[in-house]
Number of protein chains: 2
Amino acid sequence: MHELIESHIAPFLPKYPVDVPLSSFDDSAVVDGIVFTTDAHTVKPLFFPGGDIGSLAVCGSINDVAVMGAKPLAIASALVLEEGLEIDVLERVVKSMGKYSKMTNVPIVTGDTKVVEKGAVEGMIITTSAIGRRSDHLDHNLEVAEKYRKVSSSWLTDDNLKEGDAIIVSGTLGDHGIALLSFREGYGFESEVQSDIAPLNELVERILEVGGAVSMKDPTRGGLANTLNEWASKSLVGIEVEERKIPISGPVRNACELLGLDPLSIGNEGKLVVAIVPQKAEEVLAAMRELRIGERAEIVGKVTKGAGRVVLRTEVGGRRILDPPVGDPVPRIC
Amino acid sequence: MHELIESHIAPFLPKYPVDVPLSSFDDSAVVDGIVFTTDAHTVKPLFFPGGDIGSLAVCGSINDVAVMGAKPLAIASALVLEEGLEIDVLERVVKSMGKYSKMTNVPIVTGDTKVVEKGAVEGMIITTSAIGRRSDHLDHNLEVAEKYRKVSSSWLTDDNLKEGDAIIVSGTLGDHGIALLSFREGYGFESEVQSDIAPLNELVERILEVGGAVSMKDPTRGGLANTLNEWASKSLVGIEVEERKIPISGPVRNACELLGLDPLSIGNEGKLVVAIVPQKAEEVLAAMRELRIGERAEIVGKVTKGAGRVVLRTEVGGRRILDPPVGDPVPRIC
């Protein structure tokens with residue numbers, strides 16, 4: 001996917017000097033102070049344990065804005081519906097979008113709806129875009145970090161990590177992908193594993209209030225392995241994480257073992273990974289754990305020397321390179 | 001479509017007091033001074049005389065921002081590609097997007113790409129979203145209008161028309177829909193009729209510099225008939241247009257007669273309809289005609305009493321109600 005975008009898409013689009021441009025491949029762009037993001041959702045099936053395409057779309061866009069250090073302002077939603085789709089299905093999805101819009105206080109302000117003939121899409125595709133503005137607490141957060149070391153970016157971009165930073169994960173990994181895969185294929189784990197779909201904006205704000213974070217990401221497609229590798233390659237650092245500290249639920253661990261999947265490569269939809277100056281890591285960890293969504297947060301590793309390489313210290317004491325997943329280990333989960 | 005949105009989508013989304021909300025069903029929303037719009041493009045085939053899905057997507061989003069009286073700032077693009085789509089096809093589409101991005105000086109700053117299995121979509125779906133800021137000339141434009149009559153909205157919204165306003169169309173109607181339909185079905189008109197895909201932002205700016213416009217729309221799906229009916233119902237006015245003044249090319253006229261289609265119901269992708277205080281109509285018309293894109297502009301009618309009704313004075317001297325088209329007279333043209 002990265003190769004597709006880098007070789008066949010990005011080179012043909014003109015470059016412009018905006019605050020955070022396309023070429024940085026970050027979670028959102030920033031233009032003239034406005035944070036801006038878009039995601040196409042092609043999840044299959046439309047409803048699954050713990051969520052549906054509507055909650056996925058709204059939370060996904062909110063999270064991509066929030067992790068830049070921004071407050072989501074509004075969402076735009078473009079629906080492509082297959083002719084013959086039951087009105088009841090549409091209404092359930094839209095109600096779910098409305099529920100998360102209300103919960104997060106982020107309005108869905110504009111949209112588009114296209115109906116295409118049967119067979120042209122499978123059910124429904126939802127593309128959500130979101131805009132946001134700099135969080136009121138982002139300057140404070142960066143000032144706290146700057147007490148300990150220089151911070152070059154004024155947003156929480158992927159190139160902001162430096163040797164010594166701590167890495168925090170907000171909760172258990174792999175739940176979304178395993179819940180979806182299991183439900184779709186009838187593996188039976190879905191009674192114990194639910195999608196973790198959730199908005200992260202409140203958690204992000206809480207972290208910024210404490211201060212010291214230098215970058216944040218939500219580990220969706222490609223999971224934690226992808227997130228850490230993006231950070232390492234864009235910040236030109238190494239990252240070392242300890243397997244035994246990474247929170248993974250028992251059922252997800254079992255499912256991954258049986259299916260031969262790596263939980264660190266599985267997509268999540270309600271988890272946050274934070275890079276932070278080490279002097280503030282414990283304080284931010286405690287603040288995260290006070291919120292229900294962060295109660296299983298852990299410090300899982302640190303930033304090291306070693307340009308672009310992510311190392312996993314395994315539970316049995318070994319060390320292995322944690323590569324970004326090749327292809328999509330579980331397709332159509334978002 | 002309108003019924004689908006009003007009955008099965010909008011009621012389930014929470015309402016928020018933003019500058020121009022979802023419930024006004026305008027070309028864009030306005031939130032905290034930011035103009036925001038989204039459109040899913042499902043055009044079939046991907047390439048057609050005068051354009052392709054890429055130029056359609058970029059121009060469509062730019063135009064939806066511009067007609068609010070805003071300057072487009074940036075575009076987000078979400079691609080859903082069918083597995084097996086030729087890389088060459090993707091590159092041609094992206095190059096086309098890049099060409100229009102460069103031409104208009106509106107960067108594509110962020111995006112998403114999903115690949116779905118063969119058969120899940122037909123080729124490619126592109127959803128583009130755009131953001132913009134208030135044009136530097138919008139205040140001047142509205143001040144000019146206010147010399148002649150009160151203007152209630154501070155943007156060029158659909159509810160801004162009053163009895164006496166003039167209606168201007170920027171050029172020939174029906175070209176996009178007829179070119180696409182003819183090419184798709186092999187009717188043979190496509191040698192003479194090309195899509196009119198074009199960015200309207202320069203034309204909009206020129207009009208605002210002169211001043212006096214109270215609303216603008218680009219007559220895409222449902223054509224001029226739909227545009228005028230939206231204005232009439234939202235502004236609670238009547239609109240009367242003269243058939244003989246509406247610019248339609250000979251080949252489009254012939255194609256419509258043969259196919260039994262009404263050119264006023266056919267979608268356009270590079271045309272502007274302007275409602276303006278009558279005292280400035282001639283001056284704005286002259287300014288529009290100075291630009292190539294507006295050289296065939298005409299004053300086609302006026303706003304009258306009569307809540308919600310659009311009347312067409314036919315070439316033979318009769319009068320008939322011009323209803324909004326039922327359904328999509330030509331599906332998948334945008």
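A salt bridge is counted here when a side-chain nitrogen of Lys or Arg lies within 4 Å of a carboxyl oxygen of Asp or Glu. The views below are taken from a predicted model.

**View 1. A network of salt bridges in chain A.** Asp27(A), Asp158(A), Lys217(A), Glu230(A) and Lys234(A) are linked with one another in a network of salt bridges. Over all chains, the structure holds 56 salt bridges.

**View 2. The salt bridge between Lys234(B) and Asp158(B).** In chain B, the side chains of Lys234(B) and Asp158(B) meet with 2.7 Å between N and O. Lys234(B) belongs to helix α7 (residues 223-235), whereas Asp158(B) is in the loop between α4 (138-146) and β8 (166-169), so the pair ties together parts of chain B that are 76 residues apart in sequence. Lys234(B) is partly exposed, at a relative accessible area of 24%, while Asp158(B) is buried, at 0%.

**View 3. Two further salt bridges within chain A.** Glu82(A) and Lys118(A) form a salt bridge in which the closest N and O atoms are 3.8 Å apart. This pair links distant parts of the chain, 36 residues apart, with Glu82(A) in strand β5 and Lys118(A) in the loop between β6 and β7. Glu82(A) counts as buried at 13% relative accessibility, whereas Lys118(A), at 62%, counts as exposed. In the salt bridge of Lys245(A) with Glu242(A), the closest N and O atoms are 3.8 Å apart; Lys245(A) is partly exposed, with a relative accessible area of 31%, and Glu242(A) is partly exposed as well, with 24%.

**View 4. The interface of chain A and chain B.** In this interface, 69 residues of chain A are in contact with 69 residues of chain B. The two chains bury about 5700 Å² between them, and 68% of this area is on carbon and sulfur atoms. On the side of chain A, the residues that lose the most area to chain B are Tyr16(A), Phe36(A) and Lys114(A), which together make up 11% of what that side buries. Eight salt bridges are counted between the chains, and one salt bridge joins the side chains of Arg332(A) and Glu117(B), at 3.2 Å from N to O. Across the same interface of chain A and chain B, 26 residue pairs are in polar contact. Among the elements that give two or more residues to the side of chain A that touches chain B are α1 (2-8), β2 and α3 (87-104).

**View 5. An aromatic pair formed by Phe36(A) and Phe36(B).** A search of the whole structure finds one aromatic pair over all chains. The rings of Phe36(A) and Phe36(B) are arranged edge-to-face, with 6.2 Å from centre to centre and 80 degrees between the planes. Each of these residues lies in strand β2 (residues 34-41) of its own chain, so the pair joins two chains. Phe36(A) is buried, with a relative accessible area of 0%, and Phe36(B) likewise counts as buried at 0%.

**View 6. Arginine over tryptophan.** In chain A, the charged end of Arg134(A) sits over the ring of Trp155(A), 4.8 Å from its centre. In chain B, Arg134(B) lies over the face of Trp155(B), at 4.8 Å from the ring centre.

**View 7. Backbone details at proline and arginine.** The peptide bond from Lys44(A) to Pro45(A) is cis, with omega near 0 degrees, and Pro45(A) is found in the loop between β2 and β3 (47-48) of chain A. Arg332(B), although not a glycine, has a positive phi of about 55 degrees; Arg332(B) is located in the segment after β14 (319-321) of chain B and counts as buried at 9% relative accessibility.

Notes: Residues numbered from 1 in each chain as written. Chains lettered and ligands numbered in written order. Predicted model: local features only at pLDDT ≥ 70, side-chain atom pairs only at ≥ 80, totals over all residues. Heavy atoms only, no water. Phe/Tyr/Trp six-rings, centres within 6.5 Å; stacked < 30°, edge-to-face > 60°. Helix = DSSP H or I, 4+ residues; strand = E, 2+ residues; numbered from the N terminus. Buried < 20%, exposed > 50% of the residue type's maximum accessible area, 1.4 Å probe, protein only. Lys NZ or Arg CZ within 6 Å of the ring centre and 35° of its normal. Contact = heavy atoms within 4.5 Å. Buried area = accessible area lost by both parts, 1.4 Å probe. Polar contact = N/O pair within 3.5 Å; in protein donor to acceptor, adjacent residues only side chain to side chain.
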